[in-house]
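Let's look at this structure together and ask where its labels come from. Each answer sets a value beside the rule that gives it a name.

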Amino acid sequence: MTVVAPTSSTTNKVLPHPLNAWYVAAWDHEVTRKPMSRRIANRPVALYRTEDGRAVALADACWHRLAPLSMGKTMEKDTIQCPYHGIVYNSAGRCVSMPAQETINPSATVPSFPIVERYRYVWIWMGDPTLADPELVPDMHQMTSDEWAGDGQTIHAACNFQLVLDNLMDLTHEEFVHSSSIGQEELSESDFVTVREGNKVTVTRWMHNIDAPPFWRKNMQDKFPGFEGKVDRWQIINYEAPSTISIDVGVAKAGTGAPEGDRSQGVNGFVMNTLTPETDRSSHYFWAFMRNYALDSQLITTQLRDGVHGVFGEDEEMLKAQQAAIDANPDYEFYNLNIDSGGMWVRRIIESMLAAEGRLVASA
């Protein structure tokens, strides 16, 4: 267990993304019998389902002339046919049929990637397939638990995935970027604790006896009609390598025991975030907001999803502008504040993963 003390500066260089890790390729409902294409870690991937419903991921380029398999069609059992010359591959990426010949060239294969379906997502492993342990899928159990309800969306973020992680590990920006919804000055004024354990980082912040910002006042009134008064507010950011962040958030009536563990007089949500690198300067940002109250209300689910969508739209605009500024100032180094401690640990963890893959020298 380690509490970090920030240093003065760090590079602004675009960090590569680890390959020996699970990333979300798509929401489970997105992957169907009709092939789809998604670029993941700089590589186009064709996604489809077999006749028995199993998700498959193949490199989106036919062995013959590199035609995108995602433009083809699924065939019987687990196969997919190239749209250009009709070569057919099975779910392992091995050719099982060629036009106008009975002998199949043994080199006629395309890469196949390990897939795991969990927490409403299809997860993909882009690195060494022998290391693809399903137990390494990050914990997002709130997505499928009967004790939580909610929904989410996908953002195409025009920035390196690390910038989104920085954004989520330091929520003091809410005071300035999201002032009309979840921001308040107490965010910058409150103390916080940053702890690293292995490939996980937790940043904990409590704000006591404060006014609830508009977003949380509305949620309190959903559970406690007519609520007015002070609240205790919490933000507990939980990072799991390489790019999943689940944020335990909420407010409770001030002085009713929430900091000690009794949240019954409040509302509690989890902001579920997982980032998938598309390229070095773009990311697939999968998110959801899950709550543990009014579980049967589709109205509240929709209102929360749409409200969070608006908040994240403000982040998206800022991150795009930040990436453009980084590209325009390639030699500039970032300077860190105390609030950057969580993000700094995340960068160190990612660097250590890259070093283990032989793709980056670990920082001292």
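**Values and their names**

Q: What makes strand β16 (residues 244-253) a mostly covered strand?
A: Nine of the ten residues of β16 are buried. A strand here is a DSSP run of E with at least two residues, a helix is a run of H or I with at least four, and both are numbered from the N terminus. Buried means under 20% relative accessible area, exposed means over 50%, and partly exposed lies in between, with a 1.4 Å probe and protein chains only.

Q: What kind of model is this, and how are its residues numbered?
A: This is a predicted model, in which local features need pLDDT of at least 70, side-chain atom pairs count only at pLDDT 80 or more, and totals for chains, interfaces and linings use all residues. Residues are numbered from 1 along each chain as its sequence is written, and side-chain values use heavy atoms, with hydrogens and water left out.

Q: What pLDDT does the chain average, and where does it stay under 50?
A: pLDDT is the predictor's confidence in each residue, from 0 to 100. The chain averages 89, and 89% of the residues score at least 70. Over residues 1-9, pLDDT stays under 50. Where pLDDT is low, the predicted coordinates should not be read in detail.

Q: How do you know that β15 and β16 pair?
A: Two strands pair if DSSP finds at least two bridges between them. Strand β15 (residues 230-240) and β16 have ten bridges in the antiparallel sense, so they pair by that rule. Arg-233 stands opposite Val-251 in β16. The two strands form a hairpin with three residues between them.

Q: Which other strand pairs with β16, and over how many bridges?
A: Strand β17 (residues 266-279) pairs with β16 in the antiparallel sense over nine bridges. In this pair, Ser-246 stands opposite Met-272 in β17.

Q: Why is Tyr-121 called buried?
A: Tyr-121 has 0% relative accessibility, so it counts as buried. Tyr-121 is found in strand β11 (residues 121-125).

Q: Which residues are in contact with Tyr-121?
A: Contact means heavy atoms within 4.5 Å. Leaving aside neighbours within four places in sequence, the contacts of Tyr-121 include Val-24, Ala-26, Trp-27, Met-140 and Phe-286. Tyr-121 and Ala-26 are 95 residues apart in sequence and 6.0 Å apart in space, C-alpha to C-alpha. Trp-27 stands opposite Tyr-121 in β11.

Q: What makes β2 and β10 edge strands?
A: The open sheet has the order β2-β11-β10, with antiparallel pairing. β2 (22-27) and β10 each pair on one side only. Five bridges join β2 to β11.

Q: Buried or exposed: what is Leu-66, and what is Ala-100?
A: Leu-66 has a relative accessible area of 61%, so it is exposed. Ala-100 is exposed too, with 87%. Leu-66 is found in the loop between β5 (55-59) and β6, and Ala-100 lies in the loop between β9 and β10 (115-118). Leu-66 has a positive phi of about 65 degrees although it is not a glycine.

Q: How many helices and strands does the chain have, and how much of the chain is buried?
A: There are six helices and 19 strands. Of the 364 residues of the chain, 51% count as buried.
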